[in-house]
Amino acid sequence: MFRGLYTATSGLMAHNRKQQILTNNLANASTPGFKQDQTVLRAFPEQLLSAMGKGTPAAGGSNKIGTLNTGVYAQEGIPSFLQGALKETGNSTDVALMSELLPVNPDTGQKGTIMYGVQTENGDIRYTQNGQFTVDQNGVLKTSDGHTVLGRDLSPINVGSEKFSIQDNGQISLENGTTAGSLWIGYTEDPAQLVKEGQGLLRWGGNPQNVPQSVEEVPLLANSASFVRQGFLEQSNVDLTQTMTEMMSTYRGFESNQKVIQAYDRSMEKAVNEIGRIY
C-alpha cells in the first residue's frame, strides 16, 4: 500500500517543481532577452515483481508478475535559446542580438547562439543576451543591472554619452567620428552548457576549454556580418498561451496526485480503525 503512496508523493513534488519553473517563465515574460526554461517529467526505474513460493514454475511458465512504477521526478529547467521577437525602441543604448541569422554548422547540423560579455562587481566574466544597456556617469557602457559591458579586448567600453552608433558587426562609433572599439560578442555551438546565474546572467558550465569564443575567432562565422541591431530590443521568448496551458495541466496533475494521497489516507484510517480492531 505504501508504495503507491510514495509514487503519488513523488508526482506531487514533480508537478510542484514544474509549476515553479512555469511561474518563473511567466514572471519574466516582459524581461528583455529572457530565455524560458523547459522541463519534463521523467520516470524513476521500474521494479520487476515476481511471485514467491516453494514450487517451481511449469515448463514454459514464469513466476514474474509484472513491473511496478516507482514514481516520477521533474528534470531541472533547460533554457530554450530560440531568439525572441524584436521590438523597435529607437534608443541608442538598446542593442538586440541577431542569433537567427547565424549559419548552421554543416558537420553537426546545429545552430549556436551569441551573447554579450559582461563583468560583474566581483570581476567575474559572465554572459548575457539582454541588450538593454545604459551609460553611467563616467561614460562607461553598463547593463541595466549595473554590470560592465566588455569590448573586444575584454575591457570596459567608454562611449562618453548616449550619442553613439553601433554597426551590425558590433563596432562602436562616437559622435565626434572616432571609434570606441567593438562589443565583445561571444559564440557557442552548445548553448545547453550555459547556466543561468543571477539577474539575466549566464555562466559557462561546460568544459573550460570550450568556453564561448569571440565571433571573430569562429571560422563558421567568417562570412557573417550582422550580429547586432541598434535601436531594437530582443523580447523574451516566453509563449504566454503555451505557458498558461501548461500551468493549468500541471495544476490538474498536482490535484490528481493529491486526491490519490487522500484516498490512501482514508484506506489506512479504515485499516487501523476497523479492520485492525481487536474485539
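## Surroundings of Gln 235

Leaving aside neighbours within four places in sequence, Gln 235 is in contact with Thr 31, Gly 33, Gly 84, Ala 85 and Lys 87, where contact means heavy atoms within 4.5 Å. This is a predicted model, in which local features need pLDDT of at least 70 and side-chain atom pairs count only at pLDDT 80 or more, while totals for chains, interfaces and linings use all residues. Residues are numbered from 1 along each chain as its sequence is written, and side-chain values use heavy atoms, with hydrogens and water left out.

Gln 235 lies in the loop between strand 22 (232-234) and helix 2 (240-275); helices (H or I, at least four residues) and strands (E, at least two) are DSSP runs, numbered from the N terminus. At 22% relative accessibility, Gln 235 counts as partly exposed, a class that falls between buried, under 20% relative accessible area, and exposed, over 50% (1.4 Å probe, protein chains only). The side chain of Gln 235 reaches the backbone oxygen of Leu 233 at 3.4 Å. Thr 93, which is 142 residues from Gln 235 in sequence, is 15 Å from Gln 235 in space, C-alpha to C-alpha.

## Surroundings of Glu 100

Glu 100 is placed in the loop between strand 8 (95-97) and strand 9 (113-119), and with a relative accessible area of 44% it is partly exposed. Not counting residues up to four places away in sequence, Glu 100 touches Gln 83 and Lys 111. The C-alpha atoms of Glu 100 and Gln 83 are separated by 6.4 Å, although these residues are 17 apart along the chain.

## Aromatic pairs

The structure holds three aromatic pairs; rings of Phe, Tyr and Trp (its six-membered ring) pair if their centres lie within 6.5 Å, and planes under 30 degrees apart count as stacked, over 60 as edge-to-face and the rest as tilted. One of them is the tilted pair of Phe 44 and Tyr 73, 5.1 Å centre to centre with 35° between the planes. This pair links distant parts of the chain, 29 residues apart, with Phe 44 in the loop between strand 2 (41-43) and strand 3 (47-50) and Tyr 73 in strand 5 (residues 72-74). Phe 44 is partly exposed at 33% relative accessibility, and Tyr 73 is partly exposed at 34%.

Tyr 116 and Phe 133 form an edge-to-face pair, 5.0 Å centre to centre with 70° between the planes. Here too the pair links distant parts of the chain, Tyr 116 in strand 9 and Phe 133 in strand 11 (residues 133-135), 17 residues apart. Tyr 116 and Phe 133 are buried.

Definitions and conventions: A polar contact is a pair of N or O atoms within 3.5 Å; within protein, one must be able to donate a hydrogen and the other to accept it, and residues adjacent in sequence count only if both atoms are side-chain atoms.
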